[in-house]
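Please keep the sequence and the model in view while reading.

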Amino acid sequence: MRYIFRHAHQVTALALHKLQRDAFSQCVDEASFSTWEEARKRISPTFLFWDVILQLETLVLLVIRAHRQRNFNLYVEAMEELVPLFFALDHVNYARWASIHIRDLKSLPDNIAKEFQNEGHWAHEQENKIVKSAGGAVGLTENPVAFRRWMRKSGPETTRLLHQFEEQYLGPDSEEFQDRLNHEMGLSAQKTFKKQVNNLVDVIRTMGNPFLDDFPELVTLDSRDCMDDAVAEAVVNLEQLGKKQYQDFVKAVIKDRTISIITITRMLSYNMFIVQFSKREYGRPVSTHNRQYHLQTGFLGRKREDHGYRNG
């Protein structure tokens, strides 16, 4: 199941990156990509929204990469970039405990921090994966004493010995080494991945590349419906508000300790895609099904067209 979710993140991130680069290639007047990107984010909430999605997908993949490469500094940096989005999007538990987790990582004693940074012993999941195939970690979770002993010494040491053996006796071109590669590194898997990315790019292009939008409205991808102005404003202020909430939380809960972490149940109440509607809309009764659709999407009955707006 985790593979399916990660694979979806990879396909989405690469497809959005390709669409963004395609949009930049069509704009020849800008001096650099960063200049063009900042200018478009100021003009178009639609561009900004999908750029935030691309950043979020990239940060998720960076966390996975940090685990796999046992890169402690990269893990801390990626988590710090993710936490403001947790606050801005009202993921209360993630925002609360990820902040504490980052505080704990930054407060480690120097000797443990150096061990994590230099040896990568904090990412035990990747080490356990190496020895599980030989039965080395089977049944340990049923014995707390044996499990602690494994986590402290046996697991990392066994992993180190296996790596040394592979580097010395198995060259990168040997058949045994190729058999040990992850299945996603095979040619067939790479062709499938490329096909999936191209298919997603083609689907989005048929609906309109959102990174080409240069108008001041936030529109949906499939139907080109215009969202409420309040929703567009929320997208524009999303990153700034999330960082402020994170800083306020760290100051009040972690540093000053003037507020209990348990009393914080909702940081922003910032429902970007919910707009209140009356039971009668435009002089017509609104069914329960349609009203629920409106509440979920924030649709205001406007549609973006080449010749302006029209009522829904």
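## Basis of the report

A residue is called buried when its relative accessible area is under 20%, exposed when over 50%, and partly exposed in between, using a 1.4 Å probe and protein chains only. The model is predicted, so local features need pLDDT of at least 70 and side-chain atom pairs count only at pLDDT 80 or more, while totals for chains, interfaces and linings use all residues. Residues are numbered from 1 along each chain as its sequence is written, and side-chain values use heavy atoms, with hydrogens and water left out.

Helices (H or I, at least four residues) and strands (E, at least two) are DSSP runs, numbered from the N terminus.

## Two residues with positive phi

Most residues other than glycine have a negative phi. R257 has a phi near 55 degrees, a positive value in a residue other than glycine. R257 is located in the loop between helix 12 and strand 2 (280-281), and with 65% relative accessibility it is exposed.

R70 likewise has a positive phi, near 55 degrees. This residue belongs to the loop between helix 3 and helix 4, and R70 is partly exposed at a relative accessible area of 24%.

## Packing of helices 3 and 4

The crossing is left-handed, that is, the near helix is turned anticlockwise from the far one by less than a right angle.

Contact means heavy atoms within 4.5 Å. On the helix 3 side the contact includes V52, L56, L59 and L62, and on the helix 4 side it includes L74, Y75, A78 and M79. By class, this contact of helix 3 with helix 4 has 12 nonpolar, 1 polar and 2 charged residues. In this scheme Ala, Val, Leu, Ile, Met, Phe, Trp, Tyr, Cys and Pro are nonpolar, Asp, Glu, Lys and Arg are charged, and the others, Gly among them, are polar.

## Helix 5

Helix 5 (residues 92-106) has 15 residues and should span 21 Å at 1.5 Å a residue; its end C-alpha atoms are 22 Å apart, which agrees. The expected span is 1.5 Å times one less than the number of residues.

Among the buried residues of helix 5 are V92, A95, I100 and L105. The buried residues of this helix pack against helix 4 (72-88) and helix 12 (238-255).

## Salt bridges

Side chains of opposite charge can pair when their charged atoms come close. A salt bridge is a side-chain nitrogen of Lys or Arg within 4 Å of a carboxyl oxygen of Asp or Glu, and by this rule there are 9 salt bridges. In one of them, D22 pairs with R205, with the closest N and O atoms 2.2 Å apart. D22 lies in helix 1 (residues 2-25) and R205 in helix 10 (residues 187-207), so this pair ties together parts that are 183 residues apart in sequence. R205 is partly exposed, at 39% relative accessibility.

K251 pairs with D256, the closest N and O atoms being 2.7 Å apart; K251 is partly exposed at 49%, and D256 is partly exposed at 41%. A network of salt bridges links E38, K41 and D51.
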